[in-house]
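Hi,

Here is the structure I promised to pass on. Have a look at it first, and then read my notes below.

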Amino acid sequence: MLMTIERKPTTRTLRGWAIQMLQEAGAIRECEEHGWMQDRADPHARERAFDIARHDPPADVSPQAAEAPVRDVLDSIGDTCPECPPDEEDRR
């Protein structure tokens, strides 16, 4: 007999939503070796992320309130992985 199981909706924090949305917009990426988030420093991707936050915020969140976690995530990460050795060019 085939049975279906009803899935519960995924509960995410606003920070988790912001990270996923920033990755989809191409504004941040994950270090392949260590998993740290890195800012790609792409102004167009950042603007796309803010546009998505304003036009498609999570349920029960205003467009203005959706921008805050996006800005917080961008302010909390750098453009390099703290565990990766610096490039030879960066040492000069």
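A term to start with: contact, or touching, means heavy atoms within 4.5 Å. This is a predicted model, where local features need pLDDT of at least 70 and side-chain atom pairs count only at pLDDT 80 or more, while totals for chains, interfaces and linings use all residues. Residues are numbered from 1 along each chain as its sequence is written, and side-chain values use heavy atoms, with hydrogens and water left out.

Let's begin with Gln38, which sits in strand 2 (residues 37-39). Helices (H or I, at least four residues) and strands (E, at least two) are DSSP runs, numbered from the N terminus. Leaving aside residues up to four places away in sequence, Gln38 touches Ala27, Ile28, Arg29, Glu30, Cys31, Ile77, Gly78, Asp79, Thr80 and Cys81. Is Gln38 buried or exposed? Gln38 counts as buried because its relative accessible area is 6%; buried means under 20%, exposed over 50%, and partly exposed in between (1.4 Å probe, protein chains only).

Gln38 also turns up at the largest pocket: of the eleven lining residues, Gln38, Thr80, Cys81, Cys84 and Asp87 lie nearest its centre. On a 1 Å grid over the protein atoms alone, a pocket is an open set of points where a 1.4 Å probe fits, with protein on both sides within 12 Å along at least five of seven lines; lining residues have an atom within 4 Å of a point.

Next, the helices. The axes of helix 2 (residues 43-55) and helix 3 (residues 63-76) come within 8 Å and cross at roughly 150 degrees. Axes here are lines fitted to C-alpha atoms, for helices over the stretch in contact, and angles run from 0 to 180 degrees between N-to-C directions. On the helix 2 side, the contact is made by Arg46, Phe50, Ala53 and Arg54; helix 3 brings Pro63, Ala66, Glu67, Val70, Arg71 and Leu74.

Glu47 is in helix 2 too, and it is partly exposed because its relative accessible area is 41%. Glu47 and Ala27 are 20 residues apart in sequence, and their C-alpha atoms are 8.7 Å apart in space.

Finally, two loop residues. Most residues other than glycine have a negative phi. Ala41, in the loop between strand 2 and helix 2, has a positive phi near 55 degrees. Asp60, in the loop between helix 2 and helix 3, has a positive phi near 65 degrees. Ala41 is exposed at 56% relative accessibility, and Asp60 is exposed at 84%.

Cheers
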